[in-house]
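Colleague: I am new to this one. Could you walk me through it?

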Amino acid sequence: MFFFSMSTRYEASSCRRKRFAASTVGVLAGLGLSAASAVAEPVRQDLPPKLQGLLKQEMIQIEKAMQEIYSAMLKGQHAVVAEKGQSIHDSFILEQSLTDEDRRDLKAAVPQEFLHMDAYLHELSASLAEAAHAEDAARQVETFGRMTEACVACHSAYVTDRFEGLEGAVIPAEWGMSMKEREDNTEG
Ligand code: HEC
């Protein structure tokens with residue numbers, strides 16, 4: 001879904017903590033946990049069918065790339081990790097097949113926080129490719145973990161209509177959140 005990323009990455013971050021303060025799960029947020037699905041709504045049905053289709057296709061490709069990265073990472077195949085990380089970063093379909101109007105529709109249909117999670121995953125995939133170029137195995141593992149957190153954070157917040165097992169999942173508030181957002185949050 002990195003169709004969002006370029007235009008949304010640097011917008012002022014919406015503060016998760018504010019949202020929680022206004023909700024009944026404020027206590028959880030105070031503990032550093034979030035029950036995002038308690039307040040977030042599934043996004044799929046708000047997307048026009050064309051975009052839904054593209055998003056789904058992209059997700060399937062991202063998952064495949066992640067699996068290939070996992071396998072390559074274990075074996076020190078840095079070039080494969082770099083290539084697949086880069087392919088997630090560059091994204092497949094979207095650059096080619098989205099019109100400006102599609103992009104606007106997308107941004108209008110999903111919440112800011114969804115866009116932030118998307119942008120963060122985008123960033124992480126670039127970091128992963130960098131770590132691979134540097135042949136830094138530890139950083140690859142760390143970054144892969146962060147990416148996995150972002151998958152679960154977004155799915156548990158916005159895709160519970162399909163991934164029912166993630167409904168009500170209590171996960172650390174910072175999952176899917178960039179360092180910058182984390183800092184903004186601790187500053188209050
Ligand atoms: C910003 C939100 C977001 C992030 C981050 C995210 N996803 Fe998704 N993902 C979605 C949405 C929305 C759907 C539902 C698409 C649909 O069914 O229309 C989805 C669906 C999927 C599916 C199901 C595809 C299918 O239809 O078979 C897979 C697999 C998937 N994601 C993998 C991943 C992986 C792997 C990551 C992390 C590397 C990830 N996603 C990160 C939002 C996200």
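What follows is a set of questions and answers on a predicted model.

Colleague: Are helix 8 and helix 9 roughly parallel or roughly antiparallel?

Modeller: Helix 8 and helix 9 pack at an angle of about 165°, with their axes 9 Å apart. Angles over 145 degrees count as roughly antiparallel. So the relation of helix 8 to helix 9 is roughly antiparallel.

Colleague: How many nonpolar residues are in the contact of helix 8 with helix 9?

Modeller: On the helix 8 side, the residues include Phe114, Leu121 and Leu124. By class, the contact of helix 8 with helix 9 has 4 polar and 2 charged residues, and the nonpolar count is 14.

Colleague: Leaving aside neighbours within four places in sequence, which residues is Met117 in contact with?

Modeller: With neighbours within four places in sequence left aside, the contacts of Met117 are Ala150, Ala153, Cys154 and Gly176.

Colleague: Is the crossing of helix 4 and helix 5 left-handed or right-handed?

Modeller: Helix 4 and helix 5 pack at an angle of about 160°, with axes 9 Å apart. That makes helix 4 roughly antiparallel to helix 5. The crossing of helix 4 and helix 5 is left-handed.

Colleague: Is Glu135 exposed or partly exposed?

Modeller: Glu135 sits in the loop between helix 8 and helix 9. Its phi is positive, about 55°, although Glu135 is not a glycine. Glu135 has 13 other C-beta atoms within 10 Å. Exposed means 12 or fewer and buried means 20 or more, so Glu135 is partly exposed.

Colleague: How far apart in space are Leu98 and Lys50, C-alpha to C-alpha?

Modeller: Leu98 lies in the loop between helix 6 (94-97) and helix 7 (100-109). Leu98 is partly exposed, with 19 other C-beta atoms within 10 Å. In sequence, Leu98 and Lys50 are 48 residues apart; in space, their C-alpha to C-alpha distance is 9.6 Å.

Notes. Residues are numbered from 1 along each chain as its sequence is written. This is a predicted model: local features need pLDDT of at least 70, side-chain atom pairs count only at pLDDT 80 or more; totals for chains, interfaces and linings use all residues. Two residues are in contact if their C-beta atoms, placed from the backbone, lie within 7 Å. Axes are lines fitted to C-alpha atoms, for helices over the stretch in contact, and angles run from 0 to 180 degrees between N-to-C directions. Helices (H or I, at least four residues) and strands (E, at least two) are DSSP runs, numbered from the N terminus. Angles under 35 degrees count as roughly parallel, over 145 as roughly antiparallel, 65 to 115 as roughly perpendicular and the rest as oblique. Ala, Val, Leu, Ile, Met, Phe, Trp, Tyr, Cys and Pro count as nonpolar, Asp, Glu, Lys and Arg as charged, and the others, Gly among them, as polar. A crossing is left-handed if the near helix is turned anticlockwise from the far one by less than a right angle, and right-handed if clockwise.
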